[in-house]
Amino acid sequence: MGFEPPQRLVRALGETYGDAAADAWLSRLPELARQAVGLRNLDVERVVAPGGRSSLVALVRLPDGTPAALKVAPPFAAPDLERAALAHWNGWGTVRLLDTAGAGADAAGAGLLLERLHTEVSLRSLPEAKALLEAAGTVRRLWVAPPEGHGFESVAARTARQAGAMRAVRETGTAALVSAALDARDELLADSPEELLLHGNFRQGKVLAGDRAPWLAVGPEPLVGERAYDLARLVRDRVEDLVAAASGPTSGRRRVNKLADSLDVDRERLRGWTLFRAVESGTRALAAGRRQDGELLLEFAGWL
């Protein structure tokens, strides 16, 4: 079968890594996917669409008929680090890595062979209060000590790159929020309390229904640092609903406190990282021409 990349993937890779790098990899993607399938003698059912923003995911079956999912990502999306994190978690709160074929060779298209989850059912299908409760229960399982000699980057390193891009944004009206977000980052990194393995991009859409467990996390962008950083992205889930509600500002601040208290995370540290991550995402959206998304995120950040 063909392995045409979903348009969501095409747009997201271009926005995140630049059109030149994205186009070069996307032109090779069909052949890379065929190589990954042939390596394991898989039967392909279909490509998941609209799919993710950093990889192509195909639903497949192993030679013995076991259902699975094959994920093929570009080397600049660091699939080797995703593999390492999933291997370390070993299915505890996350999708399970089914084999080690191609470890260290993702650039050649080996991809990640994963247990099959219900790709059409994420926590976003639940009412908000229930979704946040299940999300909190899932993410707490992921916060473990990283393996010795790991190659994961730190929160400090990742946010340093992001801070540089934020400073380059010249959008009218963003200067005060950018300055506040950068100040918050500096203060938080001056006294970082822990170094745990983090998901890196944890939100409701990254938690799918499974058979082995009710809910399992997928798609980590792993790094090491404090829990408050990892929880910050979850705080702004369904931001469009928050902004549309008259009680949005109060509800947003209440969500910070509720999540912090439920997971024993310092409220102010969570507020600070939520501010930084919302402003970073908002300014990046504006730079990519996604003005509505950017303005929603910056309005939310202004409440904090």
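Let's start with a pair of strands: β1 and strand β2 (residues 56-61) run antiparallel and are joined by four bridges. Within this pairing, Val44 stands opposite Val60 in β2. Keep in mind that the model is a predicted one.

These two strands belong to an open sheet of four strands, in the order β1-β2-β3-β4 and with antiparallel pairing. Where are the edges of the sheet? They are formed by β1 (43-47) and β4 (112-115); each has a single partner strand, so one side of each is left without a neighbour in the sheet. On average, neighbouring strands are turned by 35° against each other, direction ignored.

A helix joins the picture here. Helix α2 (residues 19-40) packs on the sheet and touches β1, β2, β3 (67-72) and β4. The direction of α2 makes about 145° with that of β3.

Now to the nonpolar cores, set side by side:

| Core | Size | Residues include |
|---|---|---|
| Largest nonpolar core | 68 residues | Phe202, Leu231, Leu270, Trp273, Leu275, Val279 and Phe300 |
| Second, separate core | 21 residues | Leu29, Leu32, Val37 and Val60 |

In the largest core, the residues named in the table are those with the most contacts inside it. Helix α10 (residues 267-287) gives the largest share of this core, with seven residues.

Which residues does Phe202 touch? Leaving out residues up to four places away in sequence, Phe202 touches Ala135, Thr138, Val139, Leu142, Val207, Ala217, Asp230, Arg233 and Leu234.

Note on methods:
Residues are numbered from 1 along each chain as its sequence is written. This is a predicted model: local features need pLDDT of at least 70, side-chain atom pairs count only at pLDDT 80 or more; totals for chains, interfaces and linings use all residues. Side-chain values use heavy atoms; hydrogens and water are left out. A nonpolar core is a set of buried Ala, Val, Leu, Ile, Met, Phe, Trp, Tyr and Cys residues joined through side-chain atoms within 4.5 Å. Buried means under 20% relative accessible area, exposed over 50%, partly exposed in between (1.4 Å probe, protein chains only). Contact means heavy atoms within 4.5 Å. Two strands pair if DSSP finds at least two bridges between them. Axes are lines fitted to C-alpha atoms, for helices over the stretch in contact, and angles run from 0 to 180 degrees between N-to-C directions.
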